[in-house]
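The following exercises are intended for a reader meeting this structure for the first time. Each task is followed by a solution in steps.

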Amino acid sequence: MAAIALSASRRSFVMRYPSVVIFIGVLALFTLGVTILAEGFGIGVISTSFVKTLGKTLCLCLVALAMDLVWGYCGILSLGHMAFFGIGGYAIGMWLMYARTEIIVRESLAAAPLPPTPQEISDGIAGQIFGVVGASEFPPIWAFAHSLPLQLAAVVLVPGLIALVFGWLAFRSRVTGVYLSILTQAMTLALSLYLFQNDSGLRGNNGLSGLQNLPGLSDVPQSTISILFFWASALALGLGYVICAWMVSGKFGSVIRAIRDDEARVRFLGYSVEAYKLFIFTFTAVIAGIAGALYYPQAGIINPAEIAPIASIYLAVWVAIGGRGRLYGAVIGAAFVSLLSTWFTGGQAPDINLGFYTVQWVDWWTILLGLSFVAVTLFAPRGIGGLFDLISERRHPDRNGASLGPDPGALREKEADQ
Amino acid sequence: MFVVIRRIATCLLLCAALTSTAVAKEADAPIQTLLQSHGAEIKKSSRKSIGPAIDALAASGTPDAQTVLERWQAKEMWFHKDSGLFVFGQEADGGDLALFDVAGGGEIGTAPKKDYKQLKPNSGIRGMIAAALVQFQLNAPDPATRAIALDAIERDAEVSHLAALRASIGPERDLTLKARKERIERLLTIRFAEDDAERIAAIRGFSGDLSVDLRAALNPLVQTKLEVATDLPADAKVVRVGKELAHDEAYALLVERDLAPPRTDPQTLRETLIANIEGEEVAGVKVATLDTDDARAAVYATLAASGNAQPLVTDADVTGALERYVFFEVFTGAPVPVALAAQAALHDIEAKLALSQTVDLALDGLSLASIYFLAAIGLAITFGVMGVINMAHGEFIMMGAYTGYVVQLFVPDYTLSILLAIPLAFAVTFGAGVAMERLVIRWLYHRPLETLLATFGVSIALQQLAKNIFGTQARPLTAPGWLDGSLVFNDVIAISYIRIAIFVLAMIFLAVFLFVMNRTRLGLEVRAVTQNPRMASSMGINPDRINMLTFGFGSGIAGIAGVAIGLYAKVTSEMGADYIVQSFMTVVVGGVGNIWGTLLGATLVGTLQKGIEWLNPSNTLAAQTYMILFIILFIQFRPRGIIALKGRAAEA
């Protein structure tokens with residue numbers, strides 16, 4: 001019996017979770033296909049803007065993956081992960097904006113009779129960036145904006161730290177369930193309201209713009225840059241998927257699922273529930289930050305409206321429609337709903353003429369989305385991912401050689417197979 | 001002697017006038033004599049020289065003088081070109097002029113216009129006349145005219161008003177006007193009186209007064225000016241450099257007084273260097289190396305040493321210059337004793353003002369609290385009593401507000417429309433709530449997180465639906481006229497009637513809630529169902545029906561709250577979303593399941609938000625941010641809110 005158990009655990013991670021292999025394969029094929037069809041290195045059938053849309057969708061899939069881990073697996077309905085996503089975008093956006101403005105300012109000052117002093121360059125950049133909010137000096141928050149490595153560290157550290165502090169405060173006082181959701185929503189609201197002020201140091205509601213222009217790469221066409229970002233997003237999604245799948249596969253995964261199902265029982269079994277929850281919350285916040293840092297250079301602009309609570313609610317909607325508690329479900333939900341959203345709100349969907357009223361999808365899409373969300377919650381809690389169960393349930397379950405029943409001497413799987 | 005000659009001259013002129021045309025019957029009437037004695041100045045009509053003439057007229061104090069001043073001001077005074085006699089004239093048909101006597105205003109007849117010349121006082125002179133007229137108006141028989149004169153003085157006081165005002169206090173019979181006159185007299189004394197003791201007495205007489213006009217009268221008296229000298233003069237207040245006064249400002253004053261050379265700012269330094277570029281070098285240093293401030297300063301120093309630039313003022317120079325002089329403040333608005341008295345009075349006022357402001361702030365906080373309470377009370381029922389998370393609660397508030405807007409489209413009378421809107425809003429949102437409970441929520445009673453998600457879906461859909469129907473721009477919900485204006489306690493404490501109405505409405509809601517929950521069959525059944533639905537149903541209560549009604553009741557109250565909030569703010573499709581987080585915070589902070597907790601929570605959230613806004617008035621966004629952070633921290637210490645349920649109910 002021990003030998004059987006051992007052999008089960010020795011079976012490779014990939015063999016036990018074929019969905020990971022399938023997912024990576026599909027993602028690789030998709031990336032290859034888009035690369036061939038795109039303008040950058042391929043035949044140019046699909047436009048650069050659509051490549052960007054696809055790249056952004058991959059980033060949204062990544063943040064949905066994080067949401068699934070924290071909500072679908074650990075049962076924490078966080079309404080703050082899009083805020084972490086936005087913070088990641090702000091962190092990278094600060095460097096992009098600083099570095100690009102620095103190049104412009106240096107060029108304009110080079111024409112002056114005297115070589116510029118560091119102070120003059122700094123003043124010039126600050127004037128360019130903060131002119132719109134009536135300031136001309138760098139706020140302290142921009143202290144590291146000149147350095148790409150430091151800002152890249154901020155992409156990971158700032159969301160991580162905020163999540164760590166907030167999560168520690170919330171979990172230690174045993175705020176759970178809907179209370180935690182409301183509290184995270186309040187945190188998101190506070191953050192977006194803070195960023196909306198002009199003196200927040202991040203240009204108020206103007207946000208950061210021009211992020212699609214990479215400093216130093218002005219000769220490289222956007223078609224190439226877009227495909228590079230697409231690759232980076234695909235790579236990040238692939239890596240994120242594998243890491244998340246690995247995390248939820250082992251004992252750790254069992255514990256966090258147990259926390260979702262009955263937190264008190266797990267606590268009585270001696271696990272430190274708060275530490276597990278805090279780890280998952282912080283880890284997913286970091287993933288969200290990275291996804292945001294990849295998303296916003298493709299979007300080109302970030303402003304506080306992107307952080308507003310409604311964005312995090314939509315994230316929950318994607319995961320729920322895709323099917324929570326399964327990683328591919330989150331990815332499918334995010335890709336499906338966000339692409340469908342783009343199609344409907346972009347005005348490409350044909351209007352429906354009812355004779356007395358014409359349904360314009362730009363106006364009615366949100367209503368359809370809201371109602372279908374209600375319908376999914378009520379009638380299909382497993383979401384789109386539940387469709388896969390229809391296939392897999394036709395095969396009898398693989399119990400890794402364990403007994404089929406709880407009693408000693410119950411029929412073993414191998415025996416049953418014979 | 002001179003007067004006699006003048007008389008004779010007047011008589012002669014008069015005779016001439018009589019012979020030529022119809023003129024004043026009583027050419028030697030006192031008023032005509034008075035006018036003639038200043039005839040030259042009046043006819044010259046120059047602002048610089050007219051003063052004595054107006055003063056003389058004003059000093060005579062007769063009704064005739066008043067009429068003359070008024071008609072002069074109205075450009076109705078003419079004089080005969082030959083005789084110089086003054087008359088009132090009105091242009092008649094055929095280029096003729098209807099003439100009236102300056103004494104008494106009786107009609108004289110008509111005369112050709114060409115014989116007369118009109119007096120056309122410019123605006124400066126008209127202003128002087130108006131000031132002189134004030135004294136007549138102050139003693140006018142009609143109290144309304146006297147009040148208008150006082151208004152004019154309050155608006156635009158002048159030195160000359162003081163004497164006139166003082167003279168008019170004695171005869172005043174109307175007590176209100178008399179009190180007003182005395183008050184204005186003291187204000188004018190503070191501003192214009194010659195005697196310091198008199199001014200100080202007037203200032204002291206105002207103790208306890210917080211009005212804006214008193215502060216406006218006192219503030220110019222305590223104006224100070226920064227001065228600099230080598231020695232400190234007597235009774236001047238020293239200003240220490242580096243403490244009350246920044247180094248740069250102090251040095252700027254020295255420069256302004258030519259006591260020190262101007263500092264070399266980076267701009268001039270740069271320009272001087274550019275002006276001295278010779279080929280690739282400035283003063284023997286390569287241009288390319290001048291990319292730091294130190295390098296530039298060094299080259300500038302070389303230039304200055306060779307006489308090609310103003311000497312560089314170093315920090316040491318600045319410090320040395322500042323040490324040589326002493327900076328002090330002198331009063332410029334009034335002599336020192338008066339200024340000191342005014343300062344003391346202002347300090348006193350400020351202390352009292354701070355108290356009033358605190359009261360005002362508390363009132364503001366209370367009214368914000370009642371708005372939050374209104375927004376949250378529906379939630380206190382659906383979330384607090386039933387434990388159902390309704391994220392579409394904000395949209396029910398919005399629906400109520402839009403119901404009010406639609407009612408106003410059909411019923412133009414604002415009072416009636418509001419009275420109609422309240423039950424209608426309740427009916428509409430009650431229906432919406434019941435529909436939502438039947439269709440969505442009842443399937444999810446044991447899955448709170450899913451309820452939250454499903455109601456989010458409803459909220460998104462309802463918000464967009466409102467946008468599709470009513471558009472994105474804000475719609476007005478107009479309050480009835482009797483709610484306009486505000487209840488004023490003093491110059492600082494004021495509260496608008498609409499806020500009072502919202503407060504009253506909040507209190508009514510509280511009473512209704514308490515009555516329904518504690519005194520009706522429905523409330524009893526609701527409490528039974530929420531405590532133990534199975535036991536309740538075995539007692540013959542239908543939990544489905546009760547849940548439906550309770551949810552509808554909570555939603556209906558949200559609709560009425562929507563009408564109230566719509567009166568106070570604009571109606572938009574996003575108004576509900578603005579309140580939803582605060583409402584949940586209010587309920588959570590107060591303690592779920594207890595209406596008094598919700599009340600306390602709303603009070604805490606409202607007053608704290610106003611308090612934070614007061615600390616940082618420019619920024620309501622920041623106030624909301626800090627408020628939410630505070631709540632997050634507050635929940636650390638009292639996770640179950642201010643009033644926490646104890647025992648088994650808390651576990652449910």
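The model examined here is predicted.

**Exercise 1. State which residues of chain B UniProt lists under "transmembrane region", and describe the span 418–436.**

Solution. Step one is to consult the record: an unreviewed UniProt entry lists residues 366–389, 418–436, 492–517, 548–568, 580–608 and 620–637 of chain B as "transmembrane region". Step two is to inspect residues 418–436 of chain B in the model, where the span is 100% helix and 0% strand.

**Exercise 2. Determine the strand order of the open sheet of three strands in chain B, and identify its edge strands.**

Solution. First, the order in this sheet of chain B is β6-β11-β7, and the pairing is antiparallel. Next, β6 (224–229) and β7 (237–238) of chain B each pair on one side only, which makes them the edge strands. Then consider the pairing of β6(B) with β11 (residues 326–331) of chain B: six bridges join these antiparallel strands. One residue pair may be located as a check, for B:Glu227 has B:Phe328 in β11(B) as its bridge partner.

**Exercise 3. Locate the domains of chain B, and give the distance between the centres of domains 3 and 4.**

Solution. The assignment for chain B comprises domain 1 (2–127), domain 2 (139–222), domain 3 (224–331) and domain 4 (354–573). Between the C-alpha centres of domain 3 and domain 4 of chain B the distance is 65 Å.

**Exercise 4. Explain why chain A is described as being as compact as a globular protein of its length.**

Solution. Begin with the content of chain A, which has 17 helices and four strands. For its 418 residues the globule rule gives 22 Å; the radius of gyration of chain A, 24 Å, is close to that value, so the chain is as compact as a globular protein of that length. Lastly, 43% of the residues of chain A count as buried.

**Exercise 5. Describe the side of chain B that touches chain A.**

Solution. Count the contacts: 43 residues of chain B are in contact with 39 residues of chain A. Next, assign elements: α13 (266–275), α19 (448–470), α24 (575–590) and α26 (620–637) of chain B each contribute at least two residues to this side. The largest share, 14 residues, comes from α19(B). Finally, sort the residues of this side of chain B by type: 31 are nonpolar, eight polar and four charged.

Terms used
Residues are numbered from 1 along each chain as its sequence is written. Chains are lettered from A and ligands numbered from 1 in the order in which they are written. This is a predicted model: local features need pLDDT of at least 70, side-chain atom pairs count only at pLDDT 80 or more; totals for chains, interfaces and linings use all residues. Two strands pair if DSSP finds at least two bridges between them. UniProt positions are given in the numbering used here, feature names are shortened, and annotations may be inferred rather than shown by experiment. The radius of gyration is taken over C-alpha atoms; the globule rule is 2.2 Å times the number of residues to the power 0.38. A residue is buried if 20 or more other C-beta atoms lie within 10 Å of its own, exposed if 12 or fewer, and partly exposed in between; C-beta atoms are placed from the backbone. Domain bounds come from an automatic or database domain assignment. Two residues are in contact if their C-beta atoms, placed from the backbone, lie within 7 Å. Ala, Val, Leu, Ile, Met, Phe, Trp, Tyr, Cys and Pro count as nonpolar, Asp, Glu, Lys and Arg as charged, and the others, Gly among them, as polar.
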